[in-house]
Amino acid sequence: MRMDGTAWRLVAVCWFACGGLLAGCAPLSGYARGRAEDLADCVRVQAAAGLGLYLEAEVTSFVQPAAGLLDVNLAPRWGLGWDPRANRPHGTLRTAAFPSLLAGWPAYGYGETAAGYGDTHPYLRGAIAPLILMGNHHTEQRSVSLFWLHELIPNARFMRAPEEPPLADVPLADHFWIGTSGTALALSFDAGVNPYQIIDFVVGIAGLDLLGDD
């Protein structure tokens with residue numbers, strides 16, 4: 001069957017239209033992937049093997065009290081779940097000032113002085129730390145507490161020279177988590193949502209990239 005000029009033009013139009021649709025799939029696919037990644041950044045949940053008795057709440061990093069004795073967390077190597085935060089260590093070690101330092105602050109001060117930290121006011125730090133529910137993340141070398149009050153009595157063992165970079169920089173969005181984590185004997189748990197990431201997901205639907213992570 002022979003095709004006249006009109007038929008050939010119709011075929012050409014259809015061909016180029018199909019090509020345009022296929023080419024348009026690439027940006028559409030990128031948009032969908034970006035929104036899926038934004039949605040995945042909004043939550044974290046994990047269960048892992050651990051050891052200790054420890055509980056830490058988190059209403060942004062400004063209100064992050066801790067209580068307990070010891071938390072040895074073997075996530076993510078010995079755990080299941082999802083955690084979108086970057087640069088998470090393989091295993092964590094955390095301790096809390098409350099309740100052990102309520103009565104044990106003199107021994108703490110003596111130990112820190114003997115270790116060479118006597119000029120950092122360890123007795124005062126040991127007495128105040130349990131009152132502000134201070135916790136220490138030893139693997140990440142940072143502290144948490146109520147209302148960032150630990151900044152007034154920083155853990156001397158985590159202090160670095162000004163020219164040294166932090167061992168674990170915390171991205172801006174990670175300061176906005178609301179959740180809880182801890183260890184109950186041999187089981188560690190962690191769960192939270194991030195309102196800042198949720199906002200990033202919502203405005204991302206309109207094509208805006210609040211965090212610049214698309």
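This is a predicted model: local features need pLDDT of at least 70, side-chain atom pairs count only at pLDDT 80 or more; totals for chains, interfaces and linings use all residues.
**Figure 1. Helix α2 gives the most to the lining of the second largest pocket, with four residues.** About 220 Å³ of space lies inside the second largest pocket. Its lining is made up of 15 residues, and Thr 95, Leu 101, Tyr 108, Asn 136 and Asn 155 are the ones that lie nearest the centre. Besides α2 (100-117), strand β4 (92-96) also supplies at least two residues of this lining.

**Figure 2. His 138 sits in the loop between β5 (135-137) and β6.** Here we zoom in on what surrounds this histidine. His 138 and Thr 92 are 46 residues apart in sequence, yet their C-alpha atoms are 7.3 Å apart in space. Once neighbours within four places in sequence are left aside, His 138 is in contact with Leu 93, Arg 94, Thr 95 and Phe 158. With a relative accessible area of 29%, His 138 comes out as partly exposed.

**Figure 3. Gln 64 is a buried residue of the loop between β1 (43-59) and β2 (66-73).** The side chain of Gln 64 makes a polar contact of 2.9 Å with the side chain of Glu 56. Setting aside neighbours within four places in sequence, Gln 64 is in contact with Glu 56, Ala 57 and Glu 58, and also with Leu 133, His 137, Val 144 and Ser 145.

Figure 4. Ser 61 has a relative accessible area of 10%, so it goes down as buried.

**Figure 5. Phe 62, Phe 147 and Trp 148 are linked by ring pairs into a cluster.** The count for the model comes to three aromatic pairs. One of them is the edge-to-face pair of Phe 62 and Trp 148, at 5.4 Å centre to centre with 80° between the planes. This pair links distant parts of the chain, with Phe 62 in the loop between β1 and β2 and Trp 148 in the loop between β6 (142-144) and β7 (178-193), 86 residues apart. Both partners are partly exposed: Phe 62 has a relative accessible area of 38%, and Trp 148 is at 40% relative accessibility.

**Figure 6. Phe 176 and Tyr 196 form a stacked aromatic pair.** Their ring centres are 4.7 Å apart, with 15° between the planes. Phe 176 is in the loop between β6 and β7 while Tyr 196 belongs to helix α4 (residues 195-205), so the pair ties together parts that are 20 residues apart in sequence. Phe 176 is partly exposed, and its relative accessible area is 30%.

**Figure 7. Arg 44 lies over the face of Trp 177.** This last close-up is a simple one. The distance from Arg 44 to the ring centre of Trp 177 is 4.9 Å.

Definitions and conventions:
Residues are numbered from 1 along each chain as its sequence is written. Side-chain values use heavy atoms; hydrogens and water are left out. Buried means under 20% relative accessible area, exposed over 50%, partly exposed in between (1.4 Å probe, protein chains only). A polar contact is a pair of N or O atoms within 3.5 Å; within protein, one must be able to donate a hydrogen and the other to accept it, and residues adjacent in sequence count only if both atoms are side-chain atoms. Contact means heavy atoms within 4.5 Å. Rings of Phe, Tyr and Trp (its six-membered ring) pair if their centres lie within 6.5 Å; planes under 30 degrees apart count as stacked, over 60 as edge-to-face and the rest as tilted. A charge sits over a ring if NZ of Lys or CZ of Arg is within 6 Å of the ring centre and within 35 degrees of the ring normal. On a 1 Å grid over the protein atoms alone, a cavity is a set of points where a 1.4 Å probe fits but cannot get out, and a pocket is an open set with protein on both sides within 12 Å along at least five of seven lines; lining residues have an atom within 4 Å of a point. Grid points are joined across faces, edges and corners, and a volume is the space filled by probe spheres set on the points.
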